[in-house]
Amino acid sequence: MLRKQWMLVFMLAVVSLLAACSDEAEEQSTNEPHVLKIGHATAIDHFGHTSFERFQELVETNSDGQIQVEIYPASELGGEREMLEMLLMGELTMMAPASAILDAATKYMAVWDLPYLFTDFETAHRVLDGEVGQYVLDSMADKGLVGIAYWENGFRHLTNSVRPVTTVADMARLNMRTLENPMQIKAWSLTGANAAPLAFNAVYDALKTKQFDAQETPLTLMYSMKFHEVQNHLTLTGHTYSPWPVVVNKSFYDQLSPDLQQVVTNAVLEVRDYNRQLSKEDEQKALQQLKQAGLAVVELPEEEKLKFKEAMSGIYEDVKADVGEEFYNKLMEAAK
């Protein structure tokens, strides 16, 4: 009995000591700034990096230095899949990746990959900033991510090194790099291409060595990644609008005071508008630069875009089955 009592006293003493150390460490940590660590895949001369720099300025200023922001650009920390794993494990704090990458966190993110869901920027912004877009962001909470808003990557277009693509038939047997997402692979396979995924940071070398003939990205990324050096033909397909969902590790976010959470959220929203303006300005500039660099440009007529949409339409039913008819119908109504 005495031995049991002694053990109980000893355990309580240890618990008390640990609690005291924890309190002391917590008190000490409150005097140190929170470090918000960001990773992204774009080059430092791309407006994506400029957007993060603006975010850094806003957060550090408006938090009075209570939050320090570190930015790791140009895939310094690995590809977007690798960075997403780091984000989920808390080794990274914030990302704004291609939406297709976030299929690992929520099935609803696949809806933004539907071909020709949006045909203009205004509709895309309205849906993403509205109830449907917020539902998709909120659906990541149980995976440990806080989705705040959508920045812009832009409408995606097609390049290749084999031939001008003027019709769906021209896609036949092209070795096509896609995003690391099953829906993307299926969509391009339905056009007749030999589609396969590859991390974005490996695409240039894969095009240079002819592992792949073709790829699809927004114009600004094409130019900043120098794809014009290893591709010959550009087709302005505009097949999908590509948002950058801004996501934060939930454990980090929950550790912030409500005031600091608001600082982060406000900065993301302010940069969203700044980012979209940069995207608009840079898109036309990038198109001219790609032409000057020697890419032969095909402006795909609307009737041919409809044929691309028809060829890829099989993934609409797949997405509908995955996300459920109720949400799918709400999305289609919002996107009208």
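Thr191 is buried, with a relative accessible area of 6%. That value comes from a predicted model. Buried here means under 20% relative accessible area, so Thr191 qualifies.

Where does Thr191 sit in the chain? Thr191 is in the loop between helix H6 (182–189) and strand S6 (194–197). A polar atom of the Thr191 side chain lies 2.6 Å from the backbone oxygen of Trp188. Leaving aside residues up to four places away, Thr191 touches Val168, Met171, Ala172, Phe308 and Met312.

Is Asp113 buried or exposed? Asp113 counts as buried, at 7% relative accessibility. Residues up to four places away in sequence aside, the contacts of Asp113 are Ser99, Ala100, Asn181, Gln184, Thr240 and Ile315. Leu137 is 24 residues from Asp113 along the chain, and their C-alpha atoms are 15 Å apart.

| Residue | Relative accessible area |
|---|---|
| Thr191 | 6% |
| Asp113 | 7% |

**Helix H12**

Ile315, touched by Asp113, belongs to helix H12 (residues 314–323). Which residues of H12 are buried? They are Ile315, Tyr316, Val319 and Val323. Seen down the axis of H12, these buried residues fall within an arc of 110°, so they line one face of the helix. An α-helix has 3.6 residues a turn, so residues three or four places apart point the same way.

The face of H12 turned away from the buried side carries the exposed residues Glu317 and Ala321. What do the buried residues of H12 pack against? They pack against H6, helix H11 (302–312) and helix H13 (325–334). Just after H12 comes Gly324, with a positive phi of about 95°.

**The largest pocket**

The largest pocket holds about 480 Å³. Strand S4 (145–160), helix H10 (258–292) and H11 are the elements that give two or more residues to its lining. H11 gives the most, with four residues.

How many residues line the largest pocket? The lining has 21 residues, and Tyr116, Thr119, Phe155, Gly238 and Lys305 lie nearest the centre of the pocket. By class, the lining has 11 nonpolar, five polar and five charged residues.

Methods. Residues are numbered from 1 along each chain as its sequence is written. This is a predicted model: local features need pLDDT of at least 70, side-chain atom pairs count only at pLDDT 80 or more; totals for chains, interfaces and linings use all residues. Side-chain values use heavy atoms; hydrogens and water are left out. Buried means under 20% relative accessible area, exposed over 50%, partly exposed in between (1.4 Å probe, protein chains only). A polar contact is a pair of N or O atoms within 3.5 Å; within protein, one must be able to donate a hydrogen and the other to accept it, and residues adjacent in sequence count only if both atoms are side-chain atoms. Contact means heavy atoms within 4.5 Å. The arc is that of the directions from the helix axis to the C-beta atoms. On a 1 Å grid over the protein atoms alone, a cavity is a set of points where a 1.4 Å probe fits but cannot get out, and a pocket is an open set with protein on both sides within 12 Å along at least five of seven lines; lining residues have an atom within 4 Å of a point. Grid points are joined across faces, edges and corners, and a volume is the space filled by probe spheres set on the points. Ala, Val, Leu, Ile, Met, Phe, Trp, Tyr, Cys and Pro count as nonpolar, Asp, Glu, Lys and Arg as charged, and the others, Gly among them, as polar.
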